[in-house]
Amino acid sequence: MSSGAAQTSGQVEPFPKTAADRGLSEQLGQLRQMLLAEFPAAEGVNLTFDGQLRAHIDIRKGEEILCVETKLAGMAGGIFSQIQRGPAPHHPFLHRITALVDR
């Protein structure tokens, strides 16, 4: 072994779990819980991320679409924008309301 080489103890330290990691999971969980509490009749509430965070709310009754859209627009200080409606994928009897989550 050359004199310039560093010696290691042979142990690998695990990466410490940062508070920010747990904080993000908690924030997403709180966001989902808030939506579930506000829309208890929803068949499903999901969050997706594909470069932008989106909330998806699936409902059965078409007459509830406007109510969900209106509530969503005013919730949480206006963090929901670009609210759209359409069919829920793979569920022909459900309507999906999707909103961009601005944070």
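Colleague: Which residues of α2 are buried?

Modeller: Keep in mind that this is a predicted model. The buried set in α2 is made up of Ile65, Val68, Glu69 and Leu72. They cover an arc of only 100° around the axis, so they sit on the same side of α2. If you want the names to click on, they are Ile65, Val68, Glu69 and Leu72.

Colleague: And which exposed residues does the face of α2 turned away from its buried side carry?

Modeller: Helix α2 spans 65–74, and its buried side includes Val68 and Leu72. Turn to the face pointing away from that side and you find the exposed residues Leu66, Thr70 and Gly74.

Colleague: Which residue takes a positive phi in the hairpin of β3 and β4?

Modeller: β3 and β4 pair in the antiparallel sense over seven bridges, and one of the facing pairs is Pro87 with His95 in β4. The hairpin leaves two residues between the strands. The one with a positive phi, near 65°, is His90.

Colleague: Over how many bridges do β2 and β4 pair?

Modeller: Strand β2 takes in residues 53–59, while β4 runs over 91–101. As a spot to look at, Asp58 stands opposite Arg96 in β4. The pairing is antiparallel, and the number of bridges is six.

Colleague: Which element supplies the largest share of the largest nonpolar core?

Modeller: That core has 18 residues, and those touching the most other members are Leu35, Phe39, Ile57, Ile59, Leu72, Phe80 and Val101. At least two residues each come from α1, β2, α2 and β4. The largest share is four residues, and it comes from β2.

Colleague: Leaving aside its neighbours within four places in sequence, which residues is Leu35 in contact with?

Modeller: Leu35 is one of the core members touching the most others. Leu72, one of the buried residues of α2, is among its contacts.

Colleague: How far apart in space are Leu47 and Ala99?

Modeller: In sequence the two are 52 residues apart. From C-alpha to C-alpha, Leu47 and Ala99 are separated by 9.7 Å.

Colleague: Stepping back, in what order do the elements of the chain run?

Modeller: The chain has two helices and four strands. Of its 103 residues, 28% are buried. Among contacts with a separation of 6 or more, 45% join residues 24 or more positions apart. From the N terminus on, the order is α-β-β-α-β-β.

Notes: Residues numbered from 1 in each chain as written. Predicted model: local features only at pLDDT ≥ 70, side-chain atom pairs only at ≥ 80, totals over all residues. Heavy atoms only, no water. Pairing = 2+ DSSP bridges. Buried < 20%, exposed > 50% of the residue type's maximum accessible area, 1.4 Å probe, protein only. Contact = heavy atoms within 4.5 Å. Core = buried A, V, L, I, M, F, W, Y, C linked by side-chain atoms within 4.5 Å. Arc of directions from axis to C-beta.
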